[in-house]
Amino acid sequence: MLPRLFSLLALIAVWAIAAATVQSRLLPGPFSVGVATLSEIRSGELPFQMACTLARVIASFAIAMVLGTVAGYAMGRSKKVDRFADPWLIVLINLPALVIIIFAYIWIGLNETAAILAVAINKLPNVIVVTREGVRSLDAGLDDMSRAFRMKWLTRIRHVVLPQLAPYLAAVSRSSLSISWKIVLVVELIGRPNGVGFVLGSAFSLFDMTKILSYAISFVALMLAIETLLVQPLERRTNRWRRRPA
Amino acid sequence: MNDEQTDGGAGPLELRIDAKTFVSADGASVEIVRGLNLRLEAGGFGAMIGPSGCGKTTILHIAAGLDADFAGQRRVPGARLGIVFQEPRLLPWRTVAENIRLVLPAHGSLDDLADLIETLGLGSHLAHYPGELSLGLARRVAIARAFAVRPDFLLLDEPFVSLDEAVAGRLREEVAVLTERHRMTTLLVTHDLRDAVQLADRLFFLSARPASIVSETSLPPPRRMRSKQAIDRILEDLSTLPLGQSAT
């Protein structure tokens, strides 16, 4: 923990020195960014915009994870489904994020549904691919065991399948989370009247670097907090059977 | 391709496998079983004995209903199946107690199984994860799981293999006790004639691939806890029978 803190402080120091030497409106120092951030928080502006963005991240993340896991499971289990759906997956995985966003806004309209769906569809193929790999590596012996003992469908999913998929789902939800918030910002920049992406867009047109830096840093800090306080403890919990000595 | 029937009560086990083939990795088809006909009376304890790799596990999987891709017919005694696979096949992410509880029917509870858990000596291991157990203990958990469902039909696939003789001997006795406690039809698959003679009342000797039954013998009851002398006598009697290549 201490080396990490030191490295972070060093980064801020480099930034401060650079800002002090350049003395430009285009590179504000850490102190002025900190002051700006505090006043944005006090006015309620920053929490509101972050909440808008976070809600979109969570909604699109949830949709992509649920649909992607189900589709990936079906494709991993059945050769027929896989053969049929694989070309679709390849098309989807190679569509640029921007194209999907434009399609969504044009076909669905400049609204929340389009924004969230666009991000979810961007993430979907990745979730499918990883889940499918996980499903292909499921232990056939445990499968036989659960069938022989006539385990119920739900018991089988919960106690036999999901624990085996957990590492795959954890990996993909991490990458999902970090990539989907980046795409959410683009979606907001193009077609939403609020959210961090919208604020960054308007700050960009005013060349307001202080605002851009304070929003960007705040959002990174928030995602970091989610990662350490939510994702990592969850992962430790699902892996606790591994940690015991054999 | 094959008919499957389940008797509501306790019928005999009838397994007829006309043919079972596998397609190997290089595309050739390999015949594993041909013309096997097995019948075991309700409540009986049968043992299939055959050389390693003769297809015993395949036959057992078919008997368990896990492999429907064969030509023939299968009729099993009763609805509830208990099975002990060659590897313990426990869920490594669940404790011993949960591994057993998960196969129980709804409303089943471990409290009703105190006897079973005590017989197998698992009482102090219920909170452990399978990764913390020795192979012998893991086998015991697998055996406990199979008996926990109160099976009408019990399948045992080499349950004593790769255990040291003392552990295997004790486990054999425990299985003998448990199969006597409730009426069930049991089929044991083994390459070890001694396992079979100690536990079973009917022996089926298998040929090499493609497997079929070359001879079968009934042993006189009582089967449980046959003494060492009795086992040796039976083994001696068996050695005079023309068993082909199947007797070990």
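Student: Where is the place of A:Arg132 in chain A?

Tutor: A:Arg132 sits in helix H6 of chain A, residues 112-136. Helices here are DSSP runs of H or I of at least four residues, strands are runs of E of at least two, and both are numbered from the N terminus. A word on the source: this is a predicted model, where local features need pLDDT of at least 70, side-chain atom pairs count only at pLDDT 80 or more, and totals for chains, interfaces and linings use all residues. Residues are numbered from 1 along each chain as its sequence is written, chains are lettered from A and ligands numbered from 1 in the order in which they are written, and side-chain values use heavy atoms, with hydrogens and water left out.

Student: Is A:Arg132 buried or exposed?

Tutor: Buried means under 20% relative accessible area, exposed means over 50%, and partly exposed lies in between (1.4 Å probe, protein chains only). A:Arg132 has 8% relative accessibility, so A:Arg132 counts as buried.

Student: What is A:Arg132 in contact with, leaving aside neighbours within four places in sequence?

Tutor: Contact means heavy atoms within 4.5 Å. On that basis A:Arg132 touches A:Gly72, A:Met75, A:Gly76, A:Asp82, A:Asp86 and A:Leu89. With A:Asp86 there is also a polar contact, side chain to side chain, at 2.9 Å. A polar contact is a pair of N or O atoms within 3.5 Å; within protein, one must be able to donate a hydrogen and the other to accept it, and residues adjacent in sequence count only if both atoms are side-chain atoms.

Student: Which residues are linked with A:Arg132 in a network of salt bridges?

Tutor: A salt bridge needs a side-chain nitrogen of Lys or Arg within 4 Å of a carboxyl oxygen of Asp or Glu. The network links A:Arg132 with A:Asp82, A:Asp86, A:Glu133 and A:Arg136.

Student: How many salt bridges does a search of the whole structure find?

Tutor: The count over all chains is 22. Take A:Arg192 and A:Glu112, whose closest N and O atoms are 2.8 Å apart. A:Arg192 lies in the loop between helix H8 (153-191) and helix H9 (196-205) of chain A, and A:Glu112 lies in helix H6 of chain A, so the pair ties together parts 80 residues apart in sequence. A:Arg192 counts as buried, at 13% relative accessibility. A:Glu112 is partly exposed, at 31%.

Student: Which parts of chain B does the salt bridge of B:Asp67 and B:Lys20 link?

Tutor: The closest N and O atoms of B:Asp67 and B:Lys20 are 3.0 Å apart. B:Asp67 is in the loop between helix H1 (56-63) and strand S5 (71-77) of chain B, while B:Lys20 is in strand S2 (residues 13-23), 47 residues apart. Both B:Asp67 and B:Lys20 are buried.

Another pair is B:Arg80 with B:Asp152, at 3.8 Å between the closest N and O atoms. B:Arg80 is partly exposed at 43% relative accessible area, and B:Asp152 is partly exposed at 23%.

Student: Which strands pair with S9(B)?

Tutor: Two strands pair if DSSP finds at least two bridges between them. Strand S4 (residues 45-49) of chain B pairs with S9(B) in the parallel sense over four bridges. There, B:Gly46 stands opposite B:Arg202. Strand S10 (residues 213-218) of chain B pairs with S9(B) in the antiparallel sense over five bridges. B:Phe204 has B:Glu216 of S10(B) as its bridge partner. A hairpin of six residues joins S9(B) to S10(B). S9(B) itself, residues 202-206, is mostly covered, with four of its five residues buried.

Student: What area is buried between chain B and chain A?

Tutor: The size of an interface is often given as the accessible area lost when the parts come together. Buried area is that loss (1.4 Å probe), summed over both parts. Between chain B and chain A it is about 2000 Å², with 65% from carbon and sulfur atoms. In chain B, B:Leu66, B:Trp93 and B:Tyr129 lose the most area to chain A, together 31% of what that side buries. The contact takes 22 residues from chain B and 21 residues from chain A.

Student: How many salt bridges does the rule find across the interface of chain B and chain A?

Tutor: One. The side chains of A:Asp144 and B:Arg89 form a salt bridge, at 3.9 Å from N to O.

Note on methods. Buried area = accessible area lost by both parts, 1.4 Å probe.
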